[in-house]
Amino acid sequence: MVGSERIVVVTGASRGAGKGIALALGETGATVYVTGRTRNEGDSPLPGTVFATAEEITRRGGHGVPVVLDHRDDAQFESFFARLRDEHGRLDILVNNALAVPDGLTEKGPFWDKPLTLLDLLDVGMRSSYVATYYAAPLLVADGAGLVVNTSSFGGTCYMHGPAYGAGKAAVDKMAHDMAVDFRPWNVAVVSIWMGLLATERTLAAFAANPGAYDGLAATAESPEFTGRVIDALARDPKLMDRTGQVLIGAEIARELGVEDTRGQHPPSHRPFLGNPPVFSDAVVD
């Protein structure tokens with residue numbers, strides 16, 4: 001389906017990766033629903049709102065639709081997808097990106113010295129991805145084709161920020177594999193995309209607070225829009241269903257599909273340093 005006809009949902013799109021993905025998909029002319037809790041500037045310590053993201057999508061040639069939604073609340077998801085059913089009757093791309101980033105996530109030390117609130121990312125992250133896809137499923141299968149993307153990272157297999165973060169990322173990777181089994185008869189693909197270091201508002205603030213400390217990393221960072229460009233290319237790929245159920249490294253798929261980042265660069269894959277994506281069994285036990 002061409003971009004101008006697509007109906008897209010990107011969760012957690014007030015800022016960061018979600019905002020970048022939504023903008024990139026909006027540039028294709030798509031109607032993009034962006035969900036998030038931030039209604040007004042100042043509600044979060046970081047800049048960005050769902051309304052600002054939606055307005056920028058529309059300015060770039062798409063149709064941005066802001067949706068204020070608490071990703072912890074299943075009933076709000078149910079109501080939103082019922083609204084989407086009434087307005088369009090279908091959904092072409094769902095991007096499960098919403099993630100709680102609790103205080104203390106990147107602190108050094110063992111998990112028992114960190115706050116239990118790190119488990120919030122299992123609610124807004126692992127669980128919200130399941131719930132969103134659960135309510136989106138009837139709309140995804142309605143047209144006989146579709147794409148679900150879980151945004152993830154190398155933390156699904158290597159030690160990164162401790163066991164809570166690792167468990168959350170490993171879970172959405174495995175969910176992509178298992179959901180792909182259920183969706184296959186309807187030609188709906190499900191993949192998990194490992195993103196690299198992203199030049200988000202949060203990351204740029206960390207760079208600014210430590211001048212010079214991250215120069216090497218900063219030079220290789222992916223723009224927040226890069227993964228959105230990869231998702232657009234995947235959705236157009238006639239071999240998309242060959243990839244369903246897989247964990248993909250965004251930088252590698254980008255090279256394969258001829259996708260560049262916003263400055264024309266090709267971000268590196270971190271596979272040599274951080275490891276390989278998981279390969280799941282083909283066995284199916286009903």
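Is aspartate 232 buried or exposed, and what is its relative accessible area? Aspartate 232 is buried, with a relative accessible area of 14%; buried means under 20% relative accessible area, exposed over 50%, and partly exposed in between (1.4 Å probe, protein chains only).

The model is predicted: local features need pLDDT of at least 70 and side-chain atom pairs count only at pLDDT 80 or more, while totals for chains, interfaces and linings use all residues. Residues are numbered from 1 along each chain as its sequence is written, and side-chain values use heavy atoms, with hydrogens and water left out.

**Overall form**

The chain has 10 helices and seven strands; these are DSSP runs numbered from the N terminus, with helices (H or I) of at least four residues and strands (E) of at least two. Its radius of gyration is 18 Å, close to the 19 Å that the globule rule gives for 286 residues, so the chain is as compact as a globular protein of that length. The radius is taken over C-alpha atoms, and the rule is 2.2 Å times the number of residues to the power 0.38. Buried residues account for 51% of the 286 residues. Of the contacts (heavy atoms within 4.5 Å) between residues at least 6 apart in sequence, 71% join residues at least 24 apart.

**Cores and helix H8**

In soluble globular proteins, nonpolar side chains tend to be buried together. A nonpolar core is here a set of buried Ala, Val, Leu, Ile, Met, Phe, Trp, Tyr and Cys residues joined through side-chain atoms within 4.5 Å. The largest has 31 residues, and those with the most contacts inside it are Val10, Val32, Leu147, Ile231 and Leu234. Helix H8 (residues 226-236) supplies the largest share of this core, five residues. Apart from it lies another core, of 27 residues, including Ile7, Val9, Leu94 and Phe183.

Beyond residues up to four places away in sequence, Ile231 touches Ile21, Leu25, Ile93, Val95, Leu147, Val149 and Ile193. Aspartate 232 is also found in helix H8. With neighbours within four places in sequence left aside, aspartate 232 is in contact with Arg6, Leu25 and Thr28.

**Residues with positive phi**

Most residues other than glycine have a negative phi.

| Residue | Phi | Relative accessibility | Loop |
|---|---|---|---|
| Histidine 161 | about 65 degrees | 30%, partly exposed | between strand E5 (146-152) and helix H5 (163-183) |
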